[in-house]
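Here are some notes for a colleague who is opening this structure for the first time. Please read them with the sequence and the model side by side.

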Amino acid sequence: MGGLDWMNALQKDICIWDAPDNIFDVVTMLEVLRFTPDYKKAIQNAVRLARRYVLVSVSKKPSDNQLTKENLAAAFVAAGIAKIEFKDTNGSLFLIAYKK
C-alpha cells in the first residue's frame with residue numbers, strides 16, 4: 001500500500017546492463033557495492049545510465065573491497081562526475097554524484 005504510481009524499481013546487474021544512456025533521472029546503489037565484483041565498472045555504468053544523479057550508500061565498516069571516500073571519489077571522477085558530496089550517517093557513508 002502506498003508509494004508512487006509513476007515510480008518503478010528494477011533489479012538488474014549494474015555491471016553488465018546495457019540499457020540506453022541517460023535513461024533514468026536517478027540511479028541508486030544502496031549498500032550493494034561491497035557485493036559487486038567490480039565496483040568501478042558498476043559506478044561507470046550507473047553514471048552512464050543516470051541523467052542527473054547517482055546515489056550510493058556503503059557501510060563505514062572496513063571491508064576487503066576498499067570502498068573508502070577516496071576510492072569512491074576517484075571512481076566517480078574517472079566515470080565523468082565533476083561534483084560529489086559525501087554525507088556521514090551512523091553506520092553508512094552516503095554519496096551523491098551530480099551529473100548536471
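Which residues does Asn45 touch, not counting residues up to four places away in sequence? Point 2 takes this up.

1. This is a predicted model, in which local features need pLDDT of at least 70 and side-chain atom pairs count only at pLDDT 80 or more, while totals for chains, interfaces and linings use all residues. Residues are numbered from 1 along each chain as its sequence is written, and side-chain values use heavy atoms, with hydrogens and water left out.

2. Asn45 touches Ile14, Cys15, Ile16 and Trp17, leaving aside residues up to four places away in sequence; contact here means heavy atoms within 4.5 Å. Asn45 lies in helix α1 (residues 39-49), where helices (H or I, at least four residues) and strands (E, at least two) are DSSP runs numbered from the N terminus.

3. Is Asn45 buried or exposed? Asn45 counts as buried because its relative accessibility is 9%, given that buried means under 20% relative accessible area, exposed over 50% and partly exposed in between (1.4 Å probe, protein chains only). Lys41 is also found in helix α1, but with a relative accessible area of 39% Lys41 is partly exposed.

4. The strands form an open sheet of 4 strands in the order β1-β2-β4-β3, with mixed pairing; two strands pair if DSSP finds at least two bridges between them. Since β1 (24-30) and β3 (83-88) stand at the edges with a single partner strand each, one side of each is left without a neighbour in the sheet. From one strand to the next, the twist averages 15°.

5. Strand β4 (residues 92-98) pairs with β3 in the antiparallel sense over 6 bridges, and Lys83 stands opposite Tyr98 in β4. Helix α1 packs on the sheet, where it touches β1 and β2 (50-59), and its direction makes about 145° with that of β2. Helix α2 (residues 69-78) also packs on the sheet, touching β2, β3 and β4, with its direction at about 155° to that of β3. These angles run from 0 to 180 degrees between N-to-C directions, with axes being lines fitted to C-alpha atoms, for helices over the stretch in contact.

6. The largest nonpolar core has 24 residues, and those touching the most other members include Met29, Ile43 and Phe76; such a core is a set of buried Ala, Val, Leu, Ile, Met, Phe, Trp, Tyr and Cys residues joined through side-chain atoms within 4.5 Å. The largest share of this core, 6 residues, comes from α1.
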